[in-house]
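Hello,

Here is the structure we talked about. Please open it alongside this note, and my findings follow below.

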Amino acid sequence: MKKEEFRRLGYEIVDWVADYLENLEQFKVVPSIRPGEIKKQIPLSPPEEAEDWSQILNDFHQIILPGMTHWQHPGWFAYFPANNSPASILAEIITAGLGAQCMSWQTSPAATELEEVVMEWLRKMIGLPEGMVGVIQDTASTSTLCALIAARERATNFEVNNKGFYRPMTVYASDQAHSSVEKGVKIAGYGRERMRYIPTDDNLAMIPEALEERIRQDIQAGAIPTCVVATLGTTSSSAIDPLRPIGEICARYGLWLHVDAAYAGTAAILPEMRWMLDGIEYVDSFVFNPHKWMLTNFDCSAFFVRREEEYVRTFEMNPEYLKTAQDRLVRNFRDWGIQLGRRFRALKLWFVIRSYGVKGLQALVREHIRLAHLFRSWLEEHPLFEIMAPSPLSLVCFRLNDGRPEEELNKLNQIFHQRINDSGQIFLTHTALRGRYILRFVVGSRTTQEKHVRLAWEIIRNEAERLVSSKS
Ligand SMILES: Cc1ncc(COP(=O)(O)O)c(C=O)c1O
């Protein structure tokens, strides 16, 4: 590509992105296409000759765009959000332009040092204890896996790293924990059977007494209880596990306490949400995802540990070809996780935090929580809806309940859910709580305003009323 063409296309593409973000509402949130429909439009073999850029971009618009799900859409109420923002997009362009691989301090001193600084900013912003040190991982799943591996080593004085497992080691999380915990337990070598799911209370939060009881049983059976993963903001219902009593148990029995706050962690920038962190002094590691609710393009997962040296010892490798003259003076983030090569992710966080300011980010999160509670109040006032869980954050769990027998409600709600999403204007996902099919309504998209929540309510209420009247 000639440099003039690169410039021209670059401007054109930035214009396209700006238009896309302004006109998101003209798209259906989720495309209506069948599996295989995109693939069949793309040749099975790569082109032998260079292709023309007009053709490449034309194919993007004709083939790829119609098959995209629009995560930045204001009608996005599904899963948890994965927000971008203009500041973050601009940083990603620069990062791609720099093309740096930031595994060591030497391979990009500024990338390492900026990562150190922005992680310290984040630590202060969400109120983690002084002395916790952060690193950017790709995802919460990877962060939790790293915590499980580090916990394994601390519990065995690094013997598993050397010899492999020699005694059963057990991991504890609530029965509402994200599947990434069990996935980590499988990958880290504990074995799925050593995963202990602890029952939850009426608020879907872990019951500390049940945790302690299970730890005692495992000790008696000859296992090494190793790690507890507490969740702040479970995926299904945003339940908050009580850190203080869980932390006291971990301290009593010598377990590593990891906190998965993938979505909820961002809300800790609000002073009124800091109650979630009561007991944080017991925590050994903590993860939350700025790529969810803090306007930073996927991927960007902020992972903090309490004892840096112990943590790094778990992962570090020092082959001759990676040694540098500064190794003793600097942090080499290649020793902070699984991968060697690393993207420059700190730049986008830096741009986002500076361009919004902490106050700007607080205002956004606070508004999302307000909108979710407004939506919840409409559901509460309507006789056809049932609220299914507390809403400490911006997630509302509900279902349609017109009084028919319990065994018919799951089917009814599946149909109801499908009809809502068929509108194309909004997108919700579901979960199961205690065996019941439940709709999740998450307010978290940067582009969502009160008018979009009102539109969502209209669609949801109309579909509910239509469905119930057609069945009666
Ligand atoms: C509580 C919780 N933990 C972990 C994850 C996994 O996040 P990631 O995609 O960053 O691995 C999610 C995803 O939504 C989540 O809700």
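**What I found**

In strand 9, F385 has L400 as its bridge partner. Helices (H or I, at least four residues) and strands (E, at least two) are DSSP runs, numbered from the N terminus. This is a predicted model: local features need pLDDT of at least 70, side-chain atom pairs count only at pLDDT 80 or more, and totals for chains, interfaces and linings use all residues. Residues are numbered from 1 along each chain as its sequence is written.

**The four-stranded sheet**

Strand 8 and strand 9 (residues 395–400) run antiparallel and are joined by three bridges. Two strands pair if DSSP finds at least two bridges between them. The open sheet has four strands in the order 8-9-11-10, with antiparallel pairing. Strand 8 (385–387) and strand 10 (429–433) are at the edges. Each has a single partner strand, so one side of each has no neighbour in the sheet. On average, neighbouring strands of this sheet are turned by 45° against each other, direction ignored. Axes are lines fitted to C-alpha atoms, for helices over the stretch in contact, and angles run from 0 to 180 degrees between N-to-C directions.

Two helices go with this sheet. Helix 12 (residues 346–381) lies across strand 8, strand 9 and strand 11 (436–442). It runs at about 20° to strand 9. Helix 13 (residues 406–422) packs on the sheet and touches strand 9, strand 10 and strand 11. Its direction makes about 35° with that of strand 11. Contact here means that the C-beta atoms of two residues, placed from the backbone, lie within 7 Å.

Strand 1 (residues 133–137) pairs with strand 7 (residues 301–305) in the antiparallel sense, over five bridges. In strand 7, A302 is the bridge partner of I136. Strand 1 is mostly covered, with four of its five residues buried. A residue is buried if 20 or more other C-beta atoms lie within 10 Å of its own, exposed if 12 or fewer, and partly exposed in between; C-beta atoms are placed from the backbone.

D138 is in the loop between strand 1 and helix 5 (140–155). It counts as partly exposed because it has 19 C-beta neighbours inside 10 Å. Leaving aside neighbours within four places in sequence, D138 is in contact with D299 and S301. D138 and L371 are 233 residues apart in sequence, and their C-alpha atoms are 29 Å apart.

**The ligand**

The ligand is surrounded by 15 residues, and the closest are T139, A140, S141, H178 and A262. A residue is near a molecule or strand if its C-beta atom, placed from the backbone, lies within 6 Å of it. The shell divides into four nonpolar, ten polar and one charged. Ala, Val, Leu, Ile, Met, Phe, Trp, Tyr, Cys and Pro count as nonpolar, Asp, Glu, Lys and Arg as charged, and the others, Gly among them, as polar.

**The whole chain**

The protein chain has 14 helices and eleven strands. Its C-alpha trace spans about 65 × 65 × 45 Å along its principal axes. Of its 472 residues, 42% are buried. Among contacts between residues at least 6 apart in sequence, 75% join residues at least 24 apart.

E458 is in helix 14 (residues 450–471). It is partly exposed, with 14 other C-beta atoms within 10 Å.

Best wishes
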